[in-house]
Amino acid sequence: MSTDQRVRSISDEHEEEDCVVEDIMEVDKLSSCGINVADITKLKAAGIQTIRGVQMTTIRTLSKIKGMSDAKVEKIKEAAAKLLPNGFITGTELSVKRRQVFRLSTGSKEFDKILNGGIESASITEAFGEFRTGKTQLAHTLCVVAQLPVSQGGGEGRVIFIDTEGTFRDDRIVAIAARFNLDPEAVLENISIARAYNCEQQMDLITEVAARMVDGGYRLIIVDSIMALFRVDYSGRGELAERQQKLGTMMARLTKLAEEFNVAVYITNQMTADPGASLTFVQDPKKPYVSMKSN
């Protein structure tokens with residue numbers, strides 16, 4: 001195994017890379033502006049780990065944190081604005097920031113061409129389809145590729161895998177690691193896996209992810225799948241509105257994590273049925289057209 005292909009363990013010190021976004025200012029910095037430690041601890045417990053995270057959170061949401069009065073929230077918002085100004089920037093400055101965005105290879109050159117280089121950081125990539133179409137297999141491949149050197153389409157980082165259907169398999173990781181000539185044990189050590197059994201626990205795990213992101217070294221977040229638990233916990237059209245609201249909150253949280261820490265987010269979504277399929281004779285654009293001819 002060559003030196004440039006050797007995967008570093010979680011305990012190893014992660015080197016500074018070109019693809020790393022600007023230094024993350026931790027929420028502890030609020031103490032320099034007069035915010036007490038107890039309030040900072042409450043912010044962390046709510047999944048807010050950085051100054052940028054404070055800015056991304058609405059006053060209404062902050063006020064819902066136990067022990068946070070309107071006066072405290074206003075003071076925290078003012079302190080965050082002083083520490084990290086968040087206003088207009090020029091197109092040139094935005095262009096410089098966009099250079100820090102990286103792409104993770106899917107392990108397939110042809111697939112990478114379709115995705116314009118691979119799975120993009122600072123954004124969410126969703127793979128949807130019917131059962132056994134390769135969504136989870138791609139997730140396992142990305143777990144390994146994310147640990148490859150940047151020159152080989154990787155991110156030289158660790159991975160977070162939120163498993164909602166019990167689909168993660170270590171033997172798949174071992175096989176894929178062998179394909180890339182990597183140490184399977186080191187690859188598995190660099191993947192943090194959590195099993196969710198209901199959508200509330202799924203949200204709690206996503207909130208916990210922010211604390212792990214602050215430690216640095218993570219390049220990819222995987223949720224397989226995003227909708228499975230929602231379909232179980234919310235049934236029928238009567239609960240559809242509440243389900244969509246909860247799902248929207250979760251997706252917004254993932255979007256903030258992707259942008260805040262410049263990580264790639266990959267989610268899967270299994271298609272089960274189309275309620276309006278019987279109302280139209282138009283061919284489903286997501287399925288190949290099959291022509292039936294009789295002799």
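Reader: Which residues of helix 4 are buried?
Author: This is a predicted model. In it, the buried residues of helix 4 are Val-73, Ile-76, Ala-79 and Ala-80.

Reader: Where do they sit around the axis?
Author: They cover an arc of only 125°, so they lie on the same side of helix 4.

Reader: What does the face turned away from the buried side carry?
Author: That face of helix 4 has the exposed residues Asp-70, Ala-71 and Lys-82.

Reader: And what covers the buried residues of helix 4?
Author: The cover includes helix 1 (37-45), helix 2 (51-56) and helix 3 (59-63).

Reader: How many residues does helix 4 have, and how far does it reach?
Author: Helix 4 runs over residues 70-83 and has 14 residues. From its first C-alpha to its last it reaches 20 Å, close to the 20 Å expected at 1.5 Å a residue.

Reader: New topic. How many aromatic pairs are there in the whole structure?
Author: A search finds two. In one of them, the ring centres of Phe-161 and Phe-168 are 5.0 Å apart and the planes are at 70°, so this pair is edge-to-face. An angle over 60 degrees counts as edge-to-face.

Reader: Is Phe-161 buried or exposed?
Author: Phe-161 is buried, because its relative accessibility is 0%. Phe-168 has 13%, so Phe-168 counts as buried too.

Reader: What about the rings of Phe-230 and Tyr-234?
Author: Their centres are 6.2 Å apart and their planes are at 15°, so the pair is stacked. Both Phe-230 and Tyr-234 are buried.

Reader: Which ring does the charged end of Arg-158 sit over?
Author: The ring of Tyr-218. The charged end of Arg-158 is 4.7 Å from the centre of that ring.

Reader: Why does Gln-270 count as partly exposed?
Author: Its relative accessibility is 22%, so Gln-270 gets that label. Buried would need under 20%, and exposed over 50%.

Reader: Which residues is Gln-270 in contact with, leaving aside neighbours within four places in sequence?
Author: Gly-129, Glu-130, Phe-131, Lys-135, Glu-165 and Arg-231.

Reader: How many residues apart along the chain are Gln-270 and Lys-135?
Author: They are 135 residues apart along the chain, yet their C-alpha atoms are separated by 8.5 Å.

Terms used. Residues are numbered from 1 along each chain as its sequence is written. This is a predicted model: local features need pLDDT of at least 70, side-chain atom pairs count only at pLDDT 80 or more; totals for chains, interfaces and linings use all residues. Side-chain values use heavy atoms; hydrogens and water are left out. Rings of Phe, Tyr and Trp (its six-membered ring) pair if their centres lie within 6.5 Å; planes under 30 degrees apart count as stacked, over 60 as edge-to-face and the rest as tilted. Buried means under 20% relative accessible area, exposed over 50%, partly exposed in between (1.4 Å probe, protein chains only). A charge sits over a ring if NZ of Lys or CZ of Arg is within 6 Å of the ring centre and within 35 degrees of the ring normal. Helices (H or I, at least four residues) and strands (E, at least two) are DSSP runs, numbered from the N terminus. The expected span of a helix is 1.5 Å times one less than its number of residues. The arc is that of the directions from the helix axis to the C-beta atoms. Contact means heavy atoms within 4.5 Å.
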